[in-house]
Amino acid sequence: MSKVKTVADLKKMKSKLQAKVELREKGDSPEGRVVIKVGMATSGIASGAKEVMAFLIEELDKRNIDAVVMQTGDMGYCFAEPTIEVKRPGEEPVVFGYVDKAKADEIIEKYIKFGELVEGILPDNYQTID
Amino acid sequence: MQILVCAGTGCQASLSEELLSQLNSEIEANELENDVQAIRTGCFGFCEQGPIIKIMPDNTFYTQVKPQDATEVIQEHIIKGRRVERLLFTDPETKEKIADSRKMGFYKKQMRIALRNCGFIDPDNIDDAIAKDAYEALGKVVTEMSPEEAIETLKKSGLRGRGGGGFSTGLKWEYAFKNRADQKYVVCNADEGDPGAFMDRSILEGDPHTVLEAMAICGYCIGADKGLIYIRAEYPLAIERLKTAIVQAREYGLLGKSIFGTDFSFDIELKYGAGAFVCGEETALIHSMEGERGEPTVKPPFPAESGFMGRPTNVNNVETFASIPPIYLKGADWFAKIGTNRSTGTKVFALAGKVNNVGLVEVPMGITLRDVIFEIGGGIKNGKKFKAIQTGGPSGGCLTEEHLDTPIEFDTLLAVGSMMGSGGMIVLDEDDCMVEVSKYFLDFTVEESCGKCSPCRIGNKRLHELLEHICKGNAEESDLDRLRNMSTVIKESSLCGLGQTSPNPVLSTLDNFMNEYLAHVIDKKCPAGACKELMNYVISETNCVGCTACARVCPVNAISGERKEPHFIDISVCIKCGACMDKCKFDAISIQ
Ligand SMILES: Cc1cc2nc3c(=O)[nH]c(=O)nc-3n(C[C@H](O)[C@H](O)[C@H](O)COP(=O)(O)O)c2cc1C
Ligand code: SF4
């Protein structure tokens, strides 16, 4: 990777990366793919987030679902760890709490495949800055 | 279509379960099972307006929905596609009905600045961070602003240190800037020693680049080319993520020599602490980094004059740093408008204890304790009664019902006898004994005192002993005066912030819960039923049927009695474990 030498470099890089992030969410298919973020801070990992992430990666692959699974930091819902965020193409992301393997399986079968929501949704209750 | 029904504790208390089953039977009655599902969700954080339902995908938000409203929701909204006006939320200011939950940002009491990227980006991937503006503020500062201008911006933003003291960050940078030296240092305090606090850890684990970027900005402003992060070895994940982030930033040339093509150079190194609370105090922290004993020294000289290796050093907290890049991107005025006049911006709190939604919350300064506990926190667990909230950790105090509407600001919290501290918030309910709570914090300070000065080393030990006597029923009323006097002396004569604040939990509970102390010393009773030595398990002769279940479960055989005859407990043998009470099916055992 080339070095950032000027602010213009950084900005160019940023717009490229934003496009890349977008591509990660879209994949090769025109309608896009599912993006799953697993909260992997200490509290998430302590409640089993690593196992859930491994399960998701393996099962999505086995079930032939085009999805990206990535790690992220603490979403703040410590009472409901492990938490994952699922974004279906073209839809708003949804956060699920208390996700163990069984829940992850249900999320794949119902929400990821058919968009059917399952229990355990954590509504976002904060504003972010853009 | 989907109907999301809030199943947070607040909404459940206002019949959201019944509402859910009503909705389900309406769905069935209209044979809509294949098209519409009603499901439970977590707390929406708007509990006073509960029960809340949200209809997807059109995002309609209905508040105060009663079970009997189910028919109308299904008939009108779901079947006919018409909104039920009367259930929409009315904006208290404009009196307008608001349907779309996305237009209801104001109900979202949380606002994320320091945590803006936590939970969104992959912390191990600098590209993710850059796509979210990382290092853009640094670029702007080093290419467009002089150090003086950049410091002025920070002063104007009103940002105050989030590590506990609440000192103006801009002023601190200015002192370090004005002190001339051949070498200066930027230090990030990631010691985070308050029991229960984990906001700094979450920031480092979720968004390490923001801290690196802000440290570099600080380096540019004060004239330092070296940054040090003092982090406790007990945070292995945060350390790993920081190491990865530093390597990636160096690869991209965002740390290292001639950053953004200027002659500004900056690099960062990690220093590990062994996890002593006192090493979070800045002078002790600096000594620890130098390889000396982690003990505080008298200020002045302040680190800005003579810090690491005797050079001017600027120490800031992790969350302080994380708040800085957006200030440069969005402007000092933007930041100053958030929060209140004297406490600008947001603060992250680790909400814990007897509250439903335990977790990290970031709120604008000036929000009330009530909002944090009852709206964001979803109220007290198990429908118990709120008793107190402890803020500021071992240096803070316990606030009561009467302080619930106090705005959360550095100065207002100090004025009511607590403090912001680093952001721990522990909610206590009717089952918590306030004497025991202050003893808990004293346990911590006695353990963590470095022992350098006698008021703190010996005084806190004596305070702790007195509290133990009180909890055991061995204290007199006059001991309460001794408790107070000793606290005042410790506060006034200790060397560092640890000793100067350690009696705060005792003083604030003496002020706010005197009755509870009196009950312990005069009546030898613990009103909350928490102090074991002051309570006795008793079997009621009228309720006991003589089933012998209690006698069989008692681990020390303190219970005797004939089968089918009332039993009794020998209190000289009883160890007060409570096993008998848990076992009794006839409510015959109580605490007195
Ligand atoms: C006993 C004691 C413990 C402290 N622990 C911490 C800590 O863990 N983290 C922290 O940032 N500041 C801690 N501080 C405050 C620091 O001394 C210092 O004020 C702070 O790091 C300055 O950063 P700020 O201005 O950004 O808040 C502690 C202070 C005392 C007296
Ligand atoms: S007040 Fe306590 S922690 Fe601080 S220097 Fe004195 S003994 Fe050490």
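Buried means under 20% relative accessible area, exposed means over 50%, and partly exposed lies in between, with a 1.4 Å probe and protein chains only as cover. The model is predicted, so local features need pLDDT of at least 70 and side-chain atom pairs count only at pLDDT 80 or more, while totals for chains, interfaces and linings use all residues. Residues are numbered from 1 along each chain as its sequence is written, chains are lettered from A and ligands numbered from 1 in the order in which they are written, and side-chain values use heavy atoms, with hydrogens and water left out.

**View 1. Backbone at Glu192(B), a residue with positive phi.** Glu192(B) is not a glycine, yet its phi is about 35 degrees. The residue sits in the loop between strand E8 (185-190) and helix H8 (199-206) of chain B. Helices (H or I, at least four residues) and strands (E, at least two) are DSSP runs, numbered from the N terminus. Because its relative accessible area is 10%, Glu192(B) is buried.

**View 2. Backbone at Asn64(A), a residue other than glycine with positive phi.** Phi of Asn64(A) is near 60 degrees. Asn64(A) belongs to the loop between helix H3 (49-62) and E2 of chain A. With a relative accessible area of 71%, Asn64(A) is exposed.

**View 3. Chain A as a whole.** Four helices and five strands make up the elements of chain A. Read from the N terminus, their order is α-β-α-α-β-β-β-α-β. Along the principal axes, the C-alpha atoms of chain A fill a box of roughly 50 × 30 × 25 Å. Of the 130 residues in chain A, 51% are buried.

View 4. Pro82(A) lies in the loop between strand E2 (67-72) and strand E3 (84-87) of chain A. Pro300(B) is part of the loop between helix H11 (282-289) and strand E11 (313-317) of chain B.

**View 5. The aromatic pair Tyr220(B) and Phe264(B).** Over all chains, the structure holds nine aromatic pairs. The ring centres of Tyr220(B) and Phe264(B) are 5.5 Å apart and the planes stand at 85 degrees, so this pair is edge-to-face. Tyr220(B) is in helix H9 (residues 208-222) of chain B, and Phe264(B) is in the loop between helix H10 (236-251) and strand E10 (267-273) of chain B; the pair links distant parts of the chain, 44 residues apart. Both Tyr220(B) and Phe264(B) are buried. Rings of Phe, Tyr and Trp (its six-membered ring) pair if their centres lie within 6.5 Å; planes under 30 degrees apart count as stacked, over 60 as edge-to-face and the rest as tilted. Together with Phe266(B), Tyr220(B) and Phe264(B) form one aromatic cluster.

**View 6. The aromatic pair Phe374(B) and Phe386(B).** For Phe374(B) and Phe386(B), the ring centres are 6.2 Å apart and the planes at 65 degrees, so the pair is edge-to-face. Phe374(B) lies in helix H14 (residues 369-376) of chain B and Phe386(B) in strand E14 (residues 386-391) of chain B, so the pair ties together parts twelve residues apart in sequence. Phe374(B) is partly exposed, with a relative accessible area of 28%, whereas Phe386(B) is buried at 7%.

**View 7. A positive surface patch on chain B.** Arg552(B), Arg563(B), Lys564(B), Lys583(B) and Lys585(B) form this patch. Patches are made of residues with over 30% relative accessible area and no salt bridge, with like charges joined within 9 Å and nonpolar side chains (Val, Leu, Ile, Met, Phe, Trp, Tyr) within 5 Å. A salt bridge is a side-chain nitrogen of Lys or Arg within 4 Å of a carboxyl oxygen of Asp or Glu. Lys585(B) is in the loop between helix H23 (579-583) and strand E20 (589-591) of chain B, and its relative accessible area of 76% makes it exposed.

**View 8. A nonpolar surface patch on chain B.** Val556(B), Val573(B) and Ile575(B) make a patch of about 200 Å². Val573(B) is located in the loop between strand E19 (568-569) and H23 of chain B. At 34% relative accessibility, Val573(B) is partly exposed.

How values were computed. Areas by Shrake-Rupley, 256 points an atom, 1.4 Å probe, with all protein chains shown as cover. Lys, Arg positive; Asp, Glu negative; His and termini not counted. Charge placed at Lys NZ, Arg CZ, Asp CG, Glu CD.
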